[in-house]
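Please examine the sequence and the model before reading each solution.

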Amino acid sequence: MKELPRSPIAHLPTPIESLPRLTANLGGPKIIIKRDDQTGLALGGNKTRKLEYLLAEAESLGCKTLITAGAIQSNHCRQTAAAARRVGMDCILVLNGEEPEDPVGNIFLDLLLGAEIVWTTKKDRQDTLEKVAKKAEIEGKKPYLVPYGGSNPTGAAAYVYAMQEFVEQSVKADWIVFATSSGGTHAGLALGKEIFGFKGKVLGISIDELAEPFAKKIYGLVKDTALLLDHELQMGPEEIRVNGDYLGGGYAVMGELEKEAIRLFASEEGVLIDPVYTGRAAGGMIDLIRKGFFRKDETVLFWHTGGTPALFAEKYRKEILT
Ligand SMILES: Cc1ncc(COP(=O)(O)O)c(C=O)c1O
């Protein structure tokens with residue numbers, strides 16, 4: 001497998017910890033956690049790994065400004081803004097939503113990190129992004145367009161290497177469960193499983209897309225990433241496991257499932273998870289445990305992908321405590 005150029009900005013390997021009180025509360029299986037919320041870049045998260053490779057690409061092209069897009073409380077955007085600063089680049093973020101009077105959570109951090117924010121609607125986001133990129137080009141800012149969620153083959157490759165890291169940590173797991181949304185983390189872990197011989201199963205809990213079309217999309221990214229890494233792919237599309245049963249009220253709508261998971265992780269283990277991604281994935285995992293989906297003698301690894309700054313957003317903070 002090819003080694004891609006990397007700009008080392010993450011704290012790796014991330015630790016793996018046991019969650020004995022959560023395990024006891026749910027009556028087994030054994031639950032452990034991999035702390036990619038502790039990747040070390042401006043409050044961490046899964047995008048740090050992807051940005052190491054995207055940043056290396058941007059630097060090799062002589063780019064000076066990172067441009068990306070996301071939702072109002074995007075963790076990807078906050079980490080992109082921080083990554084730019086780590087290597088002396090500028091950052092422009094195209095965010096869909098209403099500019100808040102009191103910026104909190106990730107938006108506060110975007111501003112603190114000196115990112116320029118361009119506000120748009122979800123419908124116009126792609127169009128706005130293209131216009132912003134064109135303007136930056138004309139102004140000589142040498143822009144590099146970071147893909148949505150960092151999920152192109154270069155970004156997904158980071159999670160192939162993350163699987164290598166996990167396999168080298170020699171911790172037994174029968175399942176890896178995590179939040180999947182733009183698909184890069186999922187594609188990387190699934191491809192990494194094949195390349196590094198992980199024997200367990202990789203199960204993504206979908207945040208905002210139906211299981212079947214989403215699994216097809218992820219498989220497409222697996223194929224493209226394998227191509228980038230010069231790996232001859234063996235797996236078929238049926239090996240991409242997506243659970244789409246926990247879409248709730250839609251993207252970023254926190255329901256009882258997410259609230260209970262956030263409270264349980266905090267009160268049992270002192271671990272913070274977020275209202276949009278890890279809260280939904282953990283809520284799904286907890287529900288699956290209660291339904292007997294996993295065997296009691298199995299070990300389930302929850303791969304924590306970050307997102308905790310969104311806990312401070314007004315619309316979530318108040319509700320979580322009530
Ligand atoms: C905290 C968190 N977890 C999980 C994900 C999903 O990862 P991916 O976009 O690679 O599917 C995201 C994406 O933004 C995220 O911010």
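**Exercise 1.** Into which domains is the protein divided?

*Solution.* This is a predicted model, in which local features need pLDDT of at least 70, side-chain atom pairs count only at pLDDT 80 or more, and totals for chains, interfaces and linings use all residues. Residues are numbered from 1 along each chain as its sequence is written. Domain 1 comprises 16–45 + 151–320, and domain 2 comprises 47–150; the bounds come from an automatic or database domain assignment.

**Exercise 2.** Describe how the two domains meet.

*Solution.* Step 1: the centres of domain 1 and domain 2, taken over C-alpha atoms, are 24 Å apart. Step 2: 26 residues of domain 1 contact 24 residues of domain 2 (C-beta atoms, placed from the backbone, within 7 Å). Step 3: on the domain 1 side, helix H6 (residues 153–168) supplies the largest share, six residues; helices (H or I, at least four residues) and strands (E, at least two) are DSSP runs, numbered from the N terminus. Step 4: that side consists of twelve nonpolar, 13 polar and one charged residue (Ala, Val, Leu, Ile, Met, Phe, Trp, Tyr, Cys and Pro count as nonpolar, Asp, Glu, Lys and Arg as charged, the others, Gly among them, as polar).

**Exercise 3.** Which residues are the closest to the ligand?

*Solution.* Step 1: of the 20 residues that surround the ligand, the closest are Ser182, Thr185, Tyr277, Thr305 and Gly307 (C-beta atom, placed from the backbone, within 6 Å). Step 2: helix H3 (75–86), strand S7 (175–180) and helix H7 (184–196) each give two or more residues to this shell, and H7 gives the most, three. Step 3: by class, the shell holds two nonpolar, 17 polar and one charged residue. Step 4: domain 1 and domain 2 each contribute at least three residues to the shell.
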